[in-house]
Each structure stands twice: as C-alpha cells, then as structure tokens.
Number of protein chains: 2
Amino acid sequence: MTTAHGQVQTPAFMPVGTQGTVKAMTPDRLKELGAEIILGNAYHLYLRPGQNVVKSAGGLHRFIGWDRPILTDSGGFQVFSLAELRKISEEGAAFQSHLDGSPHLFTPEGVMELEADLGADIIMAFDECLPYPSTRQYAEDSTARTGRWARRCRRRFMELKQQRGTEQALFGIVQGGIHSDLRKRSAAEMVEIGFEGYAIGGLAIGEPKEATWEAAQAALEVLPEDRPRYIMGMGFPEDIVQAVSLGADMFDCVMPTRNARTGTLFTSKGKLVIKNAKYLDDFQPVEEGCDCYLCRNFTRAYLRHLFMSGEITAAVLATIHNLRFYLRMMEEMRQAIAGDGFEYWRRDFLSGLGAEER
Amino acid sequence: MTTAHGQVQTPAFMPVGTQGTVKAMTPDRLKELGAEIILGNAYHLYLRPGQNVVKSAGGLHRFIGWDRPILTDSGGFQVFSLAELRKISEEGAAFQSHLDGSPHLFTPEGVMELEADLGADIIMAFDECLPYPSTRQYAEDSTARTGRWARRCRRRFMELKQQRGTEQALFGIVQGGIHSDLRKRSAAEMVEIGFEGYAIGGLAIGEPKEATWEAAQAALEVLPEDRPRYIMGMGFPEDIVQAVSLGADMFDCVMPTRNARTGTLFTSKGKLVIKNAKYLDDFQPVEEGCDCYLCRNFTRAYLRHLFMSGEITAAVLATIHNLRFYLRMMEEMRQAIAGDGFEYWRRDFLSGLGAEER
C-alpha cells in the first residue's frame, strides 16, 4: 500500500495511538519495533488538543513527530459509544464531550474537514457503528444511513482534495451488524460509491464469534481484492490470522498495548500473566528467542518486579514486547504468504498458541 | 572515579533508580542521555523483590540490565523516614515494612551483607539520618552512634570483600545535623576509619539553606580532596553548582525525574510548567538548542497535550529532558573545570537560571 508518507506492507497491524501517541511509546521505539503505520482518532483529537491546534502544528504527523503513514478513525465508534450522550439524525450525530460535557455535532462533511485538517494519510468515513444487539429494523435503517453518510463523505472529501491538493485516501466503512445480507448490501454500496480502500466496522463488539465471521466473510466476498480491506478493532492474534486467511489486509486493536499495561504478555505459547507469583525468581526472558528489547535484556523476574512496584518502566517494556509480538506475527504472515507457505505457518502458529483451529 | 563496571567522570549526577529502575526510563535511554552511574536503594530492594531474588539473578546489574556503575544507598534515610515504624538501638534499627507492616532489623553488619549481595560498585555505610530539627544532645548521641556503626560496617565489609573477592567500594556517611563541630568531628572519624569515598548525609531535609551550606562546608573542609565526596540528595541545579564550587564530586536527587512526572521541566532559563494553558499552541521546543530527544522532535504544545491526556509517554519524554538537563549541566561543569573556566561558566549558568548568586 503506497501513501503520501511511504509504503505499508500488508497484511498490516496498526498500533493504536488514540490521543496522538501509542500509549507508553515514542516514535523512535515504534520504528525499532517495525511499525509502518499507526492509528489516531479524530474524535479524541478534535476534543483535545483541538482541530485547530493540530492544524496549526502543521498536521498530525508534525504534531506527534511521526513521519510514517497515519490512519485516522473518524470517531464513529467513539461517538456511538457515548450512548446517553448522543443523538443521531439524518444530518449527523450530536453528542456531549466525554471530557467536559460540552455539546458538539459531527456531520459527514464536518468530519471530512476535521480529518483533512489532521492530515492523516488514510482517513475513515463517518459511519454509525451499529450496536449489538439491535433490532433488524434498526439495523436496516442505520446501515442505509451509513450509506448515505458515506456518499456525503465522499463528495466533501473530493471537494477538499481538489481545494487543498492533498494526497489523502478515504476508506468507506461497511456496517450491517450480524446480518449477512445487510453486510453484502452495505459493501456493494461502498464499492459503488468508490473508495481507495474499505473497512468492515461494527465487529467484535459483543456478538458471538460465529456471527463475527459470518458478517466479515459476507462483506469480504463483495469487497474488491485489489483494494486494502481493513477489519476494524479485531485484536486476538488467532482472529487476525483467521481474517488474513479470509483476505483481510489491515488491523488495529488496543489489545497488545492495553494488555501490556496490566501485565499480560503475548507469546507464541499463549499469554503470560507476569504478576503471577511463580515469576518472582524466574530468570528466563518473557519469551525465549523473542527479538524484542525486553526479551533480549531482561528477565520475567525483573518485569514482574517492575509491575509489583508500580513502575512506569513496566508498562514501557511490556508494551514493547506485545507490539513486537503483533508486528512480528504480521511479518511472518507476509513472508509465509510470499513463500506460499501460509497454511503451514498458520497451523504451526495456532498450535503454538494453543488456539483451536477454525 | 574507577569502578568494577567502568569509569565515572566527576562531578557526577546519579539518576535515582530506587526500586531497580530510573522511573519511566530504560537502560538504553539512560545511556543515550549520558548517564554513567545510577543509584539503587538497598532498603527498597530488600523489601521487594528481596535480597535473595536479586542475588539469585546474579546481582543488581544483571537483574536490572545495567552494565555501568551502580551505587546503592544503604537505606538509612528510608528507615529513619519511617518515624513511628522504627526503633533504634545500639545494635541497629528495627522497623516495619512500609509495604506490608512486617518486622525487620537492619544492623550495620546485615546491611553490608545485603549490599554485598546486591553487588553495586559503590555501597553506602548504614547510618542514622539525623532528623531536622533535633536537640543538640540527640544530635551528639546519634552522630556518635553513626560513627560506631560506620566502624562495624567497615569491619564487616572488609571480611566480606576478602571472602568473596569482590571489587566493591564502601563510602562512609558524615552526619552531625546543622552543627559544624559535629560535622567536623563526624568527618574526622570517617577519615580515621578509612573509606574509598565519603558522603555527607542528612542535608536538604528541611533545615534553612544557610545551615545546609555551613554544615556541608564544615564536612568538606575535613574530608580528603583526593577521594570522591558525595552530597546525598542535593538536587536544585543552583545548589549542585554551588556544591561543586565547594569541591563536591557526586550528587543524586529525585528532582529531575519526579518533577518530570508532574510536568515541570528544567531549562537554562528556569523551570517551565508545561500544563500551563499558554503552551496549548506553543510550537517551540521545551528548550531551544537542547540536544535531548524531546526537544529535537517535539513541541511544548505536544508535550502539554500528552500531560493533559494523562499519557505515560508524557512522563517518558519529560524525564528524558530533565535528566539530560542535569547530565549536560555536569558535562558542562567538567569541561569548564578542565578548561579553567568554571567561574565564568557558573556566573553565566546561574544568571540564565535567574538564580541568585551566592
């Protein structure tokens, strides 16, 4: 995938930097880890530090000191997570800030202007993230509205692109909940509108696993193979592997970074809860053979000690490891795919994790 | 200063790594910053993860992944900070853990064994940190006891050194409170016992500034110039400069790291409180011309944003800057001293800080 800030190899995992930093990381660390693209969140950055601050800084890349590609999520997911605090109309979504309760209105056009000001390489359309569960009727209405919003996003995006001469790419977001027919209809509508890439939103939000896969597969069957296809928020390693085998190209999830901060480490043999007392005097690395800074230099006993002592350094080191685990998993998949050995790699990886093969 | 883990140039500032890490830092960062020696705390490490864990790990250097010199404080200061929770006798100090209330006894001999097990390059004698204020009588009794404890420390240290064939150095600690005569007496006693280096403890604990300098000067007059002289816990930049001009060689303080975590940045023009609203859209670096990773890559507006958003990365970046400020200040002093330009440098530095010259 080629962007204004360089190439991204796919399948790609995007570390999440909601508020303008990947939590506990700095850009130099992220580069060491092999991150080629990170994610920011338009909703969060709009509320703090504010659209104009980031714009005045020269855009998000310059503001956060990251010169590689960035994708901004539009904030649809966040706005719709506000529940009581938001009201949807055809025009857009009115909501109250989760920070100070102040009233705001996000419209498809306004979000395109916001994301143009932030200046990420890839920006996302403003959608309604259909909650699970929802009635069939609501799912139909909401998905149709997301389609109309996508059209308005595309129109405003093209105007802004022409006015500003920018090289941003806009991705449409397929919704439709757990209904395969709605997913297919939504995907077909997005393709008809025409985007640089396509995302599948509203998955892994509480629905049964089988429903996730059915909905994802329905959308993937319609979305064009020659465009990036991004499953939003999907995060278990075994799920990412499964999604890649179904043809998905892009992923993001807070799981590696959030789990790191609570002391849960990903390894090729499954998760390791470092605060467990048995690691008190375990002088092995978190994962033997792991090429990350943590595993090359420190023991489980030391990392446990840092967590037990409430040290910030614990979060830093664990985040390094977990992100490296995810990014290496993607590297291995890319190599396996290129070498025509994906199925072999997949069996091996999943049996290591102790995960059931699907 | 030559240690088992390499040379340390003096005057030196030692970043504080109480619990086995300099807060928010990793060893690679500390090396980038130019740290040549860091400090650990025997009391804290004894309570958590425990003496045997660190010993089994192969000592503190291997446990924390730091291959440059380490100094461990004995924990005298910490034990005596416990107030209600400790009881002093000739034998030593009985105290309750601040973590779980469990009872412990630190004796001069036991602390030497503890610090031998931790294996730092420089270890500190077990002293009583005389509180301020104290009665003259208590100051005399306590300082005399610290002297007897220092003798017991030295004896046990020499036995352990012979048994284990280690290359540790032991520093004696001068006490005496704000009383110049006691400071001189304590310093003379330490010199008579004979140590690889000498520290001045119990300063900057609430006494008036003039009393600090009077007591420090009294001790420095007695302590030999050809040995490292370490003023413990002294942390304001202007105080370190003043102490260097009086002949002190080593310093440690939590000020750069602790202030960093609350958003107070040191600059050559004084402190900068980054959460201040005026930095919302200030796109200058924290300090123009500073060679640290923060100032080379990020703006005040971004650092403020990270603090306002409660991001761990804020603490990481601010700590990098503040430690680099301290370490560069020491580098500049060493160069100025070598080039015979210390007085000129000092005037310049202090007028920049806005500090009054003494």
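**Note on a predicted two-chain model**

1. With 25 C-beta neighbours inside 10 Å, A:Ala24 counts as buried; a residue is buried if 20 or more other C-beta atoms lie within 10 Å of its own, exposed if 12 or fewer, and partly exposed in between, with C-beta atoms placed from the backbone. The phi of A:Ala24 is near 70°, a positive value in a residue other than glycine. A:Ala24 lies in the loop between strand E3 (12–14) and helix H1 (27–33) of chain A. Helices (H or I, at least four residues) and strands (E, at least two) are DSSP runs, numbered from the N terminus. In chain B, B:Ala24 is likewise buried, with 25 other C-beta atoms within 10 Å, and has a positive phi of about 75°.

2. The model is predicted: local features need pLDDT of at least 70, side-chain atom pairs count only at pLDDT 80 or more, and totals for chains, interfaces and linings use all residues. Residues are numbered from 1 along each chain as its sequence is written, while chains are lettered from A and ligands numbered from 1 in the order in which they are written.

3. On confidence, chain A averages a pLDDT of 96, and 99% of its residues score at least 70; pLDDT is the predictor's confidence in each residue, from 0 to 100. The model scores ipTM 0.97 and pTM 0.97.

4. Chain A contains 14 helices and 15 strands. Its C-alpha trace spans about 60 × 45 × 40 Å along the principal axes. For 358 residues, a compact globule would have a radius of gyration near 21 Å, and the 20 Å of chain A agrees with this; the radius is taken over C-alpha atoms, and the globule rule is 2.2 Å times the number of residues to the power 0.38. Of the 358 residues of chain A, 53% count as buried.

5. How are the two copies related? A rotation of 180° with 0.0 Å of shift along its axis superposes chain A on chain B, with an RMSD of 0.0 Å. The copies are thus related as by a two-fold rotation axis. The superposition is by least squares on the C-alpha atoms of residues with pLDDT of at least 70 in both copies. Of the residues of chain A, A:Ile312 comes closest to the axis, at 3.6 Å (C-alpha).

6. At the interface, 35 residues of chain A are in contact with 35 residues of chain B; two residues are in contact if their C-beta atoms, placed from the backbone, lie within 7 Å. Helices of chain A that each supply at least two residues to this side include H2 (42–56) and H13 (312–338). Because 100% of the interface residues of chain A are also interface residues in chain B, the copies meet through the same surface.

7. In the largest nonpolar core, which has 230 residues, A:Phe171, A:Ile231, A:Leu303, B:Phe171, B:Ile231 and B:Leu303 touch the most other members. A nonpolar core is a set of buried Ala, Val, Leu, Ile, Met, Phe, Trp, Tyr and Cys residues joined through C-beta atoms within 7 Å. Not counting residues up to four places away in sequence, the residues touched by B:Ile231 include B:Ile200, B:Leu203 and B:Phe251.

8. The bond from B:Thr10 to B:Pro11 is cis, with omega near 0°, and B:Pro11 is found in the loop between strand E2 (6–7) and strand E3 (12–14). A cis bond also joins B:Arg48 and B:Pro49, with omega about 10°; B:Pro49 lies in helix H2 (residues 42–56) of chain B.
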